[in-house]
Amino acid sequence: MPKITYIEHSGQSHTIEVPKELSVMEGALQNNIPGIDADCGGACACATCHVYVDEKWFDKLQKKEDAEQDMLDMAFEPKKFSRLACQITTTNELDGLVVKVPSKQA
Ligand code: FES
């Protein structure tokens with residue numbers, strides 16, 4: 001099972017196994033990772049699952065759809081490596097993925 005590391009804004013790190021085909025957001029919710037609220041349930045309509053993807057992993061992710069980019073444009077402090085965790089599907093290739101939670105979601 002792929003391991004995903006979630007790093008809170010405080011620096012607290014959580015490495016958990018997330019079943020393939022779940023989203024990075026779903027993995028966070030099922031493991032009570034602080035700061036990923038997912039208010040819209042994964043419909044790409046809230047940006048409360050905003051994360052900063054570790055730079056070395058960013059290009060390995062599935063490409064963003066326009067709807068995700070539109071939502072990220074409205075997110076708090078989007079950065080170059082921002083993604084919505086609900087739009088990242090966990091795969092074996094993403095074993096070791098690292099994402100950070102923005103300060104606003106602390
Ligand atoms: S859960 Fe709402 S945009 Fe990801």
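The questions and answers below concern the structure shown above.

Analyst: This is a predicted model, in which local features need pLDDT of at least 70 and side-chain atom pairs count only at pLDDT 80 or more, while totals for chains, interfaces and linings use all residues. Residues are numbered from 1 along each chain as its sequence is written, and side-chain values use heavy atoms, with hydrogens and water left out.

User: How many disulfides does a search of the whole structure find?

Analyst: A disulfide is a covalent bond between the sulfur atoms of two cysteines. Here the term requires a pair of cysteine sulfur atoms within 2.5 Å. The cysteine sulfur closest to that of Cys-44 is in Cys-86, and because the distance is 5.4 Å, it is too far for a bond. For the whole structure, the number of disulfides found is zero.

User: Is Cys-86 buried or exposed?

Analyst: Buried means under 20% relative accessible area, exposed over 50%, and partly exposed in between, with a 1.4 Å probe and protein chains only. Cys-86 has a relative accessibility of 12%, so the residue counts as buried.

User: In which loop does Val-18 lie?

Analyst: Val-18 is buried, at 0% relative accessibility. Contact means heavy atoms within 4.5 Å, and, not counting residues up to four places away in sequence, Val-18 touches several residues, including Met-1, Tyr-6 and Thr-90. Its place is the loop between E2 and helix H1 (24-30).

User: Are the planes of Phe-58 and Phe-81 stacked or edge-to-face?

Analyst: Rings of Phe, Tyr and Trp (its six-membered ring) pair if their centres lie within 6.5 Å; planes under 30 degrees apart count as stacked, over 60 as edge-to-face and the rest as tilted. By this rule there is one aromatic pair. The centres of the Phe-58 and Phe-81 rings are 5.1 Å apart and their planes stand at 75°, so the pair is edge-to-face.

User: Which residue has Lys-79 over its face?

Analyst: A charge sits over a ring if NZ of Lys or CZ of Arg is within 6 Å of the ring centre and within 35 degrees of the ring normal. Lys-79 is 4.6 Å from the ring centre of the residue in question, which is Tyr-52.

Notes
Helices (H or I, at least four residues) and strands (E, at least two) are DSSP runs, numbered from the N terminus.
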